[in-house]
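Work through the exercises below with the sequence and the structure at hand. Try each task before reading its solution.

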Amino acid sequence: TQGQVITCKAAVAYEPNKPLVIEDVQVAPPQAGEVRIKILFTALCHTDAYTWSGKDPEGLFPCILGHEAAGIVESVGEGVTEVQPGDHVIPCYQAECRECKFCKSGKTNLCGKVRSATGVGVMMNDRKSRFSVDGKPIYHFMGTSTFSQYTVVHDVSVAKIDPQAPLDKVCLLGCGVPTGLGAVWNTAKVEPGSNVAIFGLGTVGLAVAEGAKTAGATRIIGIDIDSKKYETAKKFGVNEFVNPKDHQKPIQEVIVDLTDGGVDYSFECIGNVSVMRAALECCHKGWGTSVIVGVAASGQEISTRPFQLVTGRVWKGTAFGGFKSRTQVPWLVEKYMNKEIKVDEYITHNMTLGEINKAFDLLHEGTCLRCVLST
Ligand code: NAD
Ligand code: AHE
Ligand code: ZN
């Protein structure tokens, strides 16, 4: 198949919110600096649902969504040296070129090399898509487009992993789990003995809990409007639970009262701007730090009294938990293989690519954390 167009199945999003269509898609061979991957497993993340909803200002249609996956390199374009056909890989929506201003800064995991192309659904080389249906181009998504049996990505967006790692599990290390762990370890840098509040106990919030537990946090307070979330959350390290619906007072006041003036760290893992405000305002005066992890829709803005920051609270955000993707995803895979981090526990459902619309329905039900699709 090397050098040839591959025809395979992919789930195409033609329009916002309209069911995805399983199509025969043509996938062009990788050009210079590109890698074609046979995707074996892909999970669904709420960010896919967000873009599909039409609320993402970067959302383009028709496109192939998906960004939490694992597969095997099928072929590589000219000049690609770090991976070869047969390598087991995880596509990374956050690239790492190790050469750009961002990568060299040492201050961020964001990479500037291909971002201008991945934001508009094309590849860097020729600003075109490698996907088409009957000659009509289909946009890429987040530089990954994993809801397809084959995809083409930039070489700076591929993490080569241990070939022994089970791809049906480690696909989760492409997004949600690292995001939560890294928000704690890299962005907040939670110290032992800290009090932590986590707003939203989906996969990302639970991974924050796991990260906080391993960082030695003492009180790990989970906040969710769905009380059923507490049972599962306990297994990930949450040791107190608050449902905002059980209280008359604003949730930030409830947390401040519970914690003698506020928490050391809070994390917003929902994507709701009024909860982001509450998460900041439940932080302790003088030092409390709040990390925004949730993605809010186009047009949404955050607000608070500047006095909150004047008096020492810190507002931050994180993308992919601050992890350097190509360098650290293989390290996270090793941590999983050594049983130092959970992954299996986040997988509540398994289905096939053909059942993707059903899988998206599930995502909106409280019982689903991650649903892994075999392609
Ligand atoms: P999820 O939908 O599984 O979890 C959200 C949880 O929040 C649910 O348990 C829900 O009951 C709860 N919730 C909803 N409204 C609430 C409210 N007002 N108060 C308290 N709890 C509330 O989502 P997820 O997959 O865990 O993702 C969470 C967010 O993180 C999404 O916005 C996603 O797009 C974003 N995300 C960001 C990054 C990043 O790099 N920054 C990476 C992955 C995901
Ligand atoms: N296009 C969206 C941005 C969405 C967003 O913030 N994405 C996160 C990853 S979410 C993964 O589930 C991210 O990494 N952002 C940094 C980046 O470079 O995109 C919008 O709302 O505009
Ligand atoms: Zn995601």
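## Exercise 1: a strand pair

Isoleucine 6 has valine 27, in strand S2, as its bridge partner. The model is predicted, so local features need pLDDT of at least 70 and side-chain atom pairs pLDDT 80 or more, while totals for chains, interfaces and linings use all residues. Residues are numbered from 1 along each chain as its sequence is written, and chains are lettered from A and ligands numbered from 1 in the order in which they are written.

Task: state in which sense S1 and S2 pair, and over how many bridges.

Solution. Step 1: strands are DSSP runs (E, at least two residues), numbered from the N terminus. Step 2: two strands pair if DSSP finds at least two bridges between them. Step 3: S1 pairs with S2 (residues 21-27) over 7 bridges, in the antiparallel sense.

## Exercise 2: the sheet

Task: give the order of the strands in the open sheet, and find which strands stand at the edges.

Solution. Step 1: the order of the 4 strands is S1-S2-S6-S7, with antiparallel pairing. Step 2: S1 (6-12) and S7 (136-138) each have a single partner strand, so one side of each lacks a neighbour in the sheet; these are the edges.

## Exercise 3: ligand 1

Task: describe the shell around ligand 1 by number of residues and by helices.

Solution. Step 1: 31 residues surround ligand 1, counting a residue if its C-beta atom, placed from the backbone, lies within 6 Å. Step 2: the closest are Gly200, Gly202, Val204, Gly271 and Gly294. Step 3: helices (H or I, at least four residues) H1 (46-52), H5 (176-188) and H6 (203-214) each supply at least two shell residues.
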